[in-house]
Amino acid sequence: FPRWQLALLVGTPIVLGVGAVYLWKRNKTKNTPGKSNGERTTPEGSANPVQGQEGARCEQEDMSPLDRAQGAKNKGNKYFKAGKYEQAIHCYTEAIGLCPRENQTDLSTFYQNRAAAYEQQMKWPEVVQDCTQAVVINPRYIKALFRRAKALERLDNKKECLEDVTAVCILESFQNQQSMLLADKVLKLLGKEKAKDQYKNRDLLMPSPQFIKSYFSSFTDDIISQPLQKGEKKDEDKDNEGEAAEVTESSGYLKAKQYMEEENYDKIISECTKEVESEGRYTAEALLLRATFYLLIGNATGAQPDLDRVINMEDANVKLRANALIKRGSMYMQQQQPMMSTQDFNMAAEIDTRNADVYHHRGQLKILLDQVEEAVGDFDECILLRPDSALAQAQKCFALYRQAYTGNSQSQVQTAMDGFEDITRRFPKCAEGYALYAQALTDQQQFGKADEMYNKCIDLEPDNATTYVHKGLLQLQWKQDLDLGLDLISKAIEIDNKCDFAYETMGTIEVQRGNLEKAIDMFNKAINLAKSEMEMAHLYSLCDAAYAQTEVARKYGLKPPTL
């Protein structure tokens with residue numbers, strides 16, 4: 001499920017889902033009409049000439065230089081309002097020339113106004129140049145910073161655009177939706193650009209054993225994840241060089257299965273390749289197992305041909321083909337191709353109607369697509385086929401809870417909470433049930449009981465790093481205990497140094513503490529562990545947001561509030 005619970009951190013909204021890690025100002029005041037969402041397209045100052053000077057020449061000798069400059073500016077404003085931008089530019093230029101250098105505020109306004117006229121003519125380099133002059137004079141000039149940010153975006157200078165709009169967001173205390181949306185847009189574009197290049201060239205890393213075991217535990221009808229059958233296993237009573245050794249040497253797939261049981265995962269792909277190249281008895285199984293581990297290390301390019309082959313083997317075991325469709329469908333979803341993903345899940349349901357895994361994983365897909373009613377239907381079908389599937393029952397309950405929570409239906413929320421109570425009572429050894437219940441309890445601010453649920457998760461799965469991260473976030477929101485929260489997240493990293501979620505969360509917290517260099521280090525560690533290009537893009541967005549804040553602090557001395 002999406003990491004929506006991070007937005008609850010310390011009760012302070014964080015722009016996480018869109019890729020930013022800025023801290024919003026606590027106790028935000030309501031936006032004032034025309035201020036927070038208004039377009040910054042008009043010049044500053046009155047659109048009318050100075051009182052008593054209408055029709056007079058701007059350089060009248062009986063006026064001071066500043067008055068003459070203001071008169072030129074006001075005349076320029078009048079031209080601007082009339083859409084006569086070239087004449088407006090001429091007047092603003094005259095104002096800049098007339099303005100005494102010691103009148104810095106006025107001078108910065110004249111440059112900003114001329115930039116506004118250039119903006120209407122889509123002369124982006126001139127906009128940047130004039131806004132820069134205004135910002136040099138007045139480093140906290142919001143209008144000039146934002147106008148320059150928009151021009152830099154047009155010039156495809158995303159890095160400097162992000163720095164400018166970050167400064168604007170901080171100066172406006174994150175109250176202006178227009179600047180927040182530009183920051184969001186630029187962060188997403190930067191993240192996608194960097195991930196597109198980096199993901200192809202990254203080092204392929206095997207996830208932790210805990211992650212791999214959790215992944216396979218989500219399947220119940222998966223032949224390749226089942227233990228070796230009797231007769232396939234090595235017979236411990238026989239000589240190590242006897243019959244059993246001959247069997248494993250002649251079958252790369254069976255050897256790979258042994259390595260799975262031994263948690264020696266790095267050797268599985270090569271053994272499966274031996275089976276495939278020899279066209280052995282277990283070719284279909286080897287293709288599927290190899291594809292699965294390609295997916296686990298994030299090599300979708302390697303996985304897809306193997307999955308395609310298994311899916312097209314009409315004489316292969318139907319459960320192998322259905323499992324390959326589930327995994328290819330999940331891969332398509334990671335690649336943001338929901339239509340192709342849905343097609344694969346539907347095909348899996350057609351060829352293996354009684355495969356509980358199909359409905360379970362399709363239900364998860366429907367949750368991601370915000371099709372909750374259809375998701376519940378799939379979970380029900382899974383439960384009908386496997387009444388003992390605690391995971392499906394817990395996820396169904398969570399789906400109903402999210403629907404009720406987002407729909408603001410308190411009665412349905414309570415029904416879902418009662419459902420969690422029933423599930424944890426009937427399936428006391430299902431760690432996922434406690435974890436999902438804890439997230440719902442946190443939503444409802446029942447922090448003490450949520451903490452109890454996380455403790456039960458840890459009792460059942462002491463090596464599950466993700467639970468420690470969630471528990472750490474709970475301490476931050478519940479008790480504002482920063483030290484305990486960070487200790488628990490550090491414990492998660494100690495348990496599993498490949499837990500990208502822990503690094504990402506640690507980085508997010510460090511941003512809020514003002515420790516930007518450490519935050520960037522945490523985000524970079526998470527980037528190296530990203531399991532998909534989409535996830536890597538999100539992490540780059542977080543990292544870029546933190547880096548932009550370091551640059552804004554260096555250039556302008558601006559920092560957002562910290563914990």
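Helices (H or I, at least four residues) and strands (E, at least two) are taken here as DSSP runs, numbered from the N terminus. The model on your screen is predicted, so local features are given only at pLDDT of at least 70 and side-chain atom pairs only at pLDDT 80 or more, while totals for chains, interfaces and linings use all residues. Residues are numbered from 1 along each chain as its sequence is written, and side-chain values use heavy atoms, with hydrogens and water left out.

Begin by selecting residues 65-81, which form helix α1, a run of 17 residues that reaches 24 Å from its first C-alpha to its last; this is close to the 24 Å expected at 1.5 Å a residue, the expected span being 1.5 Å times one less than the number of residues. Just after α1, pick G83, which takes a positive phi of about 80°. Among the buried residues of α1 are R68, N74 and F80, where buried means under 20% relative accessible area, exposed over 50% and partly exposed in between (1.4 Å probe, protein chains only).

Select R148 and D164, whose closest N and O atoms are 2.7 Å apart in a salt bridge. R148 lies in helix α5 (residues 142-154) and D164 in helix α6 (residues 158-171), so the pair ties together parts that are 16 residues apart in sequence. Both partners are buried, R148 with a relative accessible area of 10% and D164 at 3%.

Then select K449 and E421, whose side chains meet in a salt bridge of 2.4 Å, N to O. K449 is in helix α21 and E421 in helix α19 (residues 410-426), so this pair ties together parts that are 28 residues apart in sequence. Here K449 is partly exposed at 31% relative accessibility, and E421 is likewise partly exposed at 27%.

Finally, colour the cysteines: a search of the whole structure finds zero disulfides, a disulfide being a pair of cysteine sulfur atoms within 2.5 Å. Select C457, which is buried with a relative accessible area of 1%, and whose sulfur is 8.6 Å from the closest cysteine sulfur, in C430, too far for a bond.

Methods
A salt bridge is a side-chain nitrogen of Lys or Arg within 4 Å of a carboxyl oxygen of Asp or Glu.
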